[in-house]
Amino acid sequence: MWAAIGAGLMAAIDEIVFHQLLHWHHFYDRSTPEVSLVSDGALHAAELMVLVAGFFLHADMRRRGTLDAAHARAGAFLGLGGFQLWDGIIDHKVLRTHQIRYEVDIAPYDVAWNAGGAVLLVIGIVLLVRARGAAAARA
């Protein structure tokens with residue numbers, strides 16, 4: 001549940017900062033400007049649906065008393081890093097739907113993008129291992 005919230009949050013950051021504020025790229029840059037804008041709208045709609053669903057699940061788990069804050073934090077970081085790495089590797093390099101920037105040396109941007117995602121993912125893994133250890137100690 002919190003992995004979905006983390007992924008939705010990172011998609012929102014990407015959409016708002018890099019698509020709308022900086023105008024560096026769109027979700028799909030391999031067509032007309034109109035198609036690129038529609039693809040941004042579709043990404044934004046999808047990220048909002050994931051965030052709303054994630055927060056409803058969070059509220060339900062909290063109401064039932066089954067929410068574990070340590071696992072939630074780990075899931076959030078796993079979602080943040082997972083989305084960032086998926087976007088950097090699959091969208092940017094494998095599918096080539098868009099690049100981070102155009103008409104510049106892209107290598108430093110790719111390294112920063114993917115390294116940032118990897119750091120977030122490693123933080124999530126460390127938090128998950130600690131959460132599982134704490135849960136096992138309580139049992």
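Reader: What share of the 139 residues of the protein chain counts as buried, and what makes a residue buried?
Author: In this predicted model, 32% of the 139 residues count as buried. A residue is called buried because its relative accessible area is under 20%.

Reader: How much accessible surface does the protein chain have, and what part belongs to carbon and sulfur atoms?
Author: The accessible surface is about 8100 Å². Carbon and sulfur atoms hold 72% of that area.

Reader: Which pattern does the protein chain follow along the sequence?
Author: The pattern is α-α-α-α, with 4 helices and 0 strands. The C-alpha atoms fill a box of roughly 55 × 30 × 25 Å along the principal axes.

Reader: Which residues make the contact of α1 with α3?
Author: From α1 they are W2, A3, G6, A7, L9, M10, A11 and D14. From α3 they are A72, G75, A76, G79, L80, F83, Q84 and D87.

Reader: How do the residues of this contact divide into nonpolar, polar and charged?
Author: There are 10 nonpolar, 4 polar and 2 charged residues. Gly is counted as polar and Asp as charged, and the contact includes G6 and D14 of α1.

Reader: What share of the contacts with a separation of 6 or more comes from residues 24 or more positions apart?
Author: In the protein chain, such residues account for 73% of those contacts.

Conventions: Residues are numbered from 1 along each chain as its sequence is written. This is a predicted model: local features need pLDDT of at least 70, side-chain atom pairs count only at pLDDT 80 or more; totals for chains, interfaces and linings use all residues. Side-chain values use heavy atoms; hydrogens and water are left out. Contact means heavy atoms within 4.5 Å. Helices (H or I, at least four residues) and strands (E, at least two) are DSSP runs, numbered from the N terminus. Buried means under 20% relative accessible area, exposed over 50%, partly exposed in between (1.4 Å probe, protein chains only). Accessible areas come from the Shrake-Rupley method with a 1.4 Å probe; for residues, only the protein chains shown count as cover.
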